[in-house]
Amino acid sequence: GSEMCIRDRRKLIVPLVIEQILAVLVGTADTVMVSYAGESAISGVSLVDMFAYMVITILTALATGGAVIVSQYLGNKEQENANRAAGQLMVGTLLASGVVCVICAALNSQILHLLYGSAEESVLQAAETYMFITAFSFPFLGIYNSSAALFRSMKKTNMTMYVSLLMNVINIAGNAIGIFVLKAGVAGVAVPTLLSRAVAGIVMTALAFNAKHEVYLKAKNVFCRNFEMLRRILKIAIPNAIENGLFALGRVLVTSIVAMFGTAQIAANGVAGSVDLIAIIVVSAMNLAVVTVVGQCVGANRYDEAEHYLKKMMKVSWIATAVLTVLVWLCLPMILSCFAVSEETYHYAYILVMLHNIFATVLHPTSFNLPNGLRAAGDAKFTMYIGIGSMAMFRIGSAVLFGILLNMGVVGVWIAMGMDWLARSVAFVWRFKSKKWQKFRAI
């Protein structure tokens, strides 16, 4: 059985890796193009991106909750229940993302001043424009995420790869027109983001209604209220959303500390934030794959297999991250020269990317792949407590200590990030070895 599984896993993982590469390329291309609209623009957009990252994280947590339940039902061969879970996932997502969209559009100026009040006025203005326009993309992003999660549960990751490709082509072409042809500055980046997410959300959801799939959406499953099913999804989604949401909120708070250090350091934070994604492409893909693989093994009650695959996938993550780190290091001057930024920003960005990649090589798989595996087995509360505790103590506490008190600025903030990953790794490895995670089936 396991030989066949290897081919299966390749089919699952390769498109996920390609999808991550696309996402990273687009994010970086985005940042490069915005940098031509000036440092205020790149700083403003990067501040909003941090906030948007928090929203997207919460929507992804919902999708993951749905995917865990659907994967476990599929592992247990319960077709109809998997479809019901899929329908309820869509309802939950639409409600959640609708609420978020209204809040972000209505209160964008208040939210940004609250978080990043210490930034320069021109940076805040750019941020407000960008946030108002992109807020309307959240519902589309929500349904895209949830539909994509369904395809991942069925191991049909090539579907999500194609739609993601379409989304990214629209985005990049739109940006090029918005910035270089129409000279529309920040709005020239925001509108294509909205358009590309709308198209992707609609296409992906339409595909999910196709009855030929193992799991598909039916109107009667979407428009009915099935509280029992919603409760199961939320039991995983809520701890996941709280943990990842607070993790993201921690990043936002850390970014608001960075906003105190002036536009060059904010811009460097933004540039490094897009470049440092290159080294963790494979880890990010594995984060998604782990949920499906472990979820299905646990659903079928095969814990030794779940453990075996989780270790294997983490090994792949480590090797890949080390290789990518070396490649990024060799190409870094070339990569950074694409951005239209000042000497000072370039200098900071260089240090930040190097720091991030060294930490990521050692700690990323144990800090992110491992808790996702525990979560897919249903052990969601433990990962939540550790995630929140480590974030508060190490990510934020150390950021204040190094960044502000020891006057290390943005570099100190990134060292704090490494300490957070170290604390998470220690806790999750201990939990994994204790085998306690094997007592929580979700279905």
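Analyst: Asparagine 301 lies in the loop between helix H12 (281–299) and helix H13 (303–336); helices here are DSSP runs (H or I, at least four residues), and strands (E, at least two) are treated likewise, with numbering from the N terminus. The model is predicted, so local features need pLDDT of at least 70 and side-chain atom pairs count only at pLDDT 80 or more, whereas totals for chains, interfaces and linings use all residues. Residues are numbered from 1 along each chain as its sequence is written, and side-chain values use heavy atoms, with hydrogens and water left out.

Although asparagine 301 is not a glycine, its phi is positive, at about 65°. Its relative accessible area is 45%, so it counts as partly exposed (buried means under 20%, exposed over 50%, and partly exposed in between, with a 1.4 Å probe and protein chains only).

Asparagine 407, between helix H15 (380–405) and helix H16 (409–434), has a positive phi near 60°. Asparagine 407 is exposed because its relative accessibility is 67%.

Serine 153, in helix H6 (residues 138–153), is buried because its relative accessibility is 0%. Beyond its neighbours within four places in sequence, serine 153 is in contact (heavy atoms within 4.5 Å) with Ala67, Val70, Ser71, Leu74, Thr292 and Gln296.

The wider setting includes the nonpolar cores, each a set of buried Ala, Val, Leu, Ile, Met, Phe, Trp, Tyr and Cys residues joined through side-chain atoms within 4.5 Å. The largest has 76 residues, and Phe51, Tyr116, Phe138, Val275 and Trp414 have the most contacts inside it. Helix H2 (residues 39–75) contributes the most to this core, with 11 residues. A separate core of 33 residues includes Ile281, Leu288, Leu370 and Ala377. Apart from neighbours within four places in sequence, tyrosine 116 touches Leu47, Met50, Phe51, Leu124, Val252, Thr255, Ser256 and Ala259.

Finally, there is a helix pair. The axes of helix H11 (residues 263–275) and helix H14 (residues 343–376) come within 8 Å and cross at roughly 45°; axes are lines fitted to C-alpha atoms over the stretch in contact, and angles run from 0 to 180 degrees between N-to-C directions. H11 is therefore oblique to H14, since angles under 35 degrees count as roughly parallel, over 145 as roughly antiparallel, 65 to 115 as roughly perpendicular and the rest as oblique. Residues of H11 including Ala264 and Val275 meet residues of H14 including Tyr348 and Leu352.
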